[in-house]
Amino acid sequence: MAKHPSLTGHSKMSRRIAKIVPTYHIEEDNFFCSDNAPDNIKEKRKAGFDKIAAHFYTTMAKSIAAGEQLKNSVSDVDFTHAYRVPFQFSQFIKDKIKFSTIVTQTRGNQIKDLDGNWTYDLSGSYGVNLFGYEFYKKCMQEGHDMVRSLGPVLGSYHPVIAENTECLKKISGLDEVSYHMSGTEAVMQAVRLARYHTGKSHLVRFCGAYHGWWDGVQPGVGNQRNNDDIYTLKEMDKDTLKVLKTRKDIACVLINPLQAMHPNINPPSDAMLIASSRQANFDKQAYINWLHELREVCTNRGIVLIMDEIFVGFRLAYKGAQEYFNVKADMVTYGKTLGGGLPIGVVCGKHHLMKRYREDRPTHICFARGTFNSHPLVMACMNRFLHAIQDELIQSQYKDIDLFWNNRVEQLNDKLAEHELPVKFVNIVSVWTILFTVPSRYNWMFQFYLRAQGLTISWIGSGRLIISHDFTDEEYAIVMEKIVSAAENMKKDGWWWQGNNMSNKSIKRQIARELITSVIKRSRL
Ligand SMILES: Cc1ncc(COP(=O)(O)O)c(C=O)c1O
């Protein structure tokens, strides 16, 4: 069986189950001792919690008020706030912990909020901020200067598109380029082209891999549509290769190389952090071997291999994941940082895969448009980005990128171990995830301790920290101190208290019991 045994590997089933999981809230009485912690620990936790909540309220009053105004009008604000922690704790957190989400200025790798607080940014702006905010401000300014006289002319192109295209062809090693407005759109187009040119119906994606929010690559939870043209298969698994070798309906395989950190597992978010069983472990050589096997099978079977580099492109190597993992794809998607600070999605591919019509069948086309595709300002900012990354310093940073970032993470892990803190970082270059080494129901609290130290992280919390490459050693030392202090405070406040025989299994069993109780209670209403 090439399906992963987890629910993540069974999209339809996971969707069905997600629909019926009932909500229940852990009320204040139980909030600080849902793991049966004794009273003294409960008190410690409560005092720590109140201190953090008060710290946010007193230092971020204006930003909090501005954010609250958006809550009922900007749907994303309400959603992200509700999903920062597991749903059992979410109501209480939503009511009690409010912090700044309204920001006005950046300086290097720091962000200023409406109240004037400066924080170090470990959110990476979803991966866009790879080289530091000054770098992108410059790209945006220069890009604006370049096309100001043209304005928003669409349909015709600013001449800068030619240079961008040549540059992207060199970077990707592919023949043609197609411009879109987001990574999601780039993936849509790559998959559509693969189906068009192979005449086959199915896409293979790997269990847990994110490729944007289009229904066509997100068959599981979050999408209401039934997808019968996707196979979600196990990554790094021989059974998958067997399926690729035998099935005749597969048009393409989509790879998100970031999954090398945690194959077959969803991107880690604190909303799912119900115990300490988050896993990550990056074995570069094993992933290279896997990609080579995949490449060989795809070549032999005429299956289009699409490397989705929207997240990792330009981060792992100048020529992206293809260079880093030493594999050649048939199509590559880029996005995020490539726009030089503006929205972008790009598909690069071989000539025969990129053509959108057939000479011999004039009405059989592969349609792709998008009003804002190749917008002059985006093209200009991209151009500045592509120029700026030729810089000697940036190019030299790529040379020993693994050594550099692995050393930094090792340094941090050594410090955490020295202080006997149950926190460990795992990385693929500058993309990090946090693992917790003792069983706990409260690891998601760490995101608030990090924030209280003046570190900005994204709404998914400790699962994904994205570090920009402009952090100097001095700044990095400050950030390390802050992370260690955050963990020390969290430990001191009792959140990692260990009960007798407490394990990740026992925590999950307890949650299952709570769920059943809540179902029974509801049925009695
Ligand atoms: C690998 C990958 N593909 C596609 C996307 C979607 O890109 P966008 O959010 O620009 O639509 C993302 C976004 O995080 C991504 O990480």
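How many of the five residues of strand β1 are buried? The count is zero, and β1 is hardly covered; a residue is termed buried if 20 or more other C-beta atoms lie within 10 Å of its own, exposed if 12 or fewer do, and partly exposed in between, with C-beta atoms placed from the backbone. The structure is a predicted model, in which local features need pLDDT of at least 70 and side-chain atom pairs count only at pLDDT 80 or more, whereas totals for chains, interfaces and linings use all residues. Residues are numbered from 1 along each chain as its sequence is written.

The secondary structure of the protein comprises 19 helices and 14 strands, taken as DSSP runs numbered from the N terminus (helices: H or I, at least four residues; strands: E, at least two). The radius of gyration is 24 Å, close to the 24 Å given by the globule rule for 525 residues, so the protein is as compact as a globular protein of that length. This radius is taken over C-alpha atoms, and the globule rule is 2.2 Å times the number of residues to the power 0.38. The C-alpha trace spans about 75 × 50 × 45 Å along its principal axes. Of the 525 residues, 45% count as buried. Among contacts between residues at least 6 apart in sequence, 77% join residues at least 24 apart; a contact requires that the C-beta atoms of two residues, placed from the backbone, lie within 7 Å.

Strand β1 belongs to an open sheet of four strands with the order β1-β2-β3-β13 and mixed pairing. At the edges stand β1 (103-107) and β13 (455-456), each with a single partner strand, so one side of each is left without a neighbour in the sheet. Two strands are taken to pair if DSSP finds at least two bridges between them. Strand β1 runs antiparallel to β2 (residues 110-113), to which it is joined by four bridges. Within this pairing, Val-103 has Asp-113 as its bridge partner, and Thr-106 stands opposite Ile-111. The two strands form a hairpin with two residues between them, and Gly-108 in the turn has a positive phi of about 60°.

Another open sheet contains seven strands in the order β4-β10-β9-β8-β7-β5-β6, again with mixed pairing. Its edges are β4 (176-180) and β6 (230-233); each has a single partner strand, so one side of each is left without a neighbour in the sheet. On average, neighbouring strands of this sheet are turned by 20° against each other, direction ignored. Strands β7 (residues 250-255) and β8 (residues 304-308) run parallel and are joined by four bridges, with Val-304 of β8 as the bridge partner of Cys-252. Helix α9 (residues 183-198) lies across β4, β5 (202-206), β7, β8, β9 (331-335) and β10 (345-349), and runs at about 30° to β10. Axes are lines fitted to C-alpha atoms, for helices over the stretch in contact, and angles run from 0 to 180 degrees between N-to-C directions.

Helix α9 also gives the most to the shell around the ligand, with three residues. The ligand is surrounded by 14 residues, of which Ser-182, Gly-183, Thr-184, Gly-212 and Phe-311 are the closest; a residue is near the ligand if its C-beta atom, placed from the backbone, lies within 6 Å of it. By class, the shell has five nonpolar, eight polar and one charged residues. Here Ala, Val, Leu, Ile, Met, Phe, Trp, Tyr, Cys and Pro count as nonpolar, Asp, Glu, Lys and Arg as charged, and the others, Gly among them, as polar.

A further hairpin is formed by β11 and β12, with two residues between them. Strands β11 (residues 423-428) and β12 (residues 431-436) pair in the antiparallel sense over six bridges, and Val-423 stands opposite Phe-436. In the turn, Val-429 has a positive phi of about 50°. Most residues other than glycine have a negative phi. Met-236, in the loop between β6 and α10 (238-246), has a positive phi of about 60° although it is not a glycine. This residue is partly exposed, with 18 C-beta neighbours inside 10 Å. Asn-264, in the loop between β7 and α11 (284-301), is likewise not a glycine and has a positive phi of about 70°; Asn-264 is buried, with 21 other C-beta atoms within 10 Å.

His-25 lies in the loop between α1 (11-20) and α2 (28-31). With 14 other C-beta atoms within 10 Å, His-25 is partly exposed. Its C-alpha atom is separated by 4.6 Å from that of Gln-88, 63 residues apart along the chain. Not counting residues up to four places away in sequence, His-25 touches Gln-88, Gln-91 and Phe-92.
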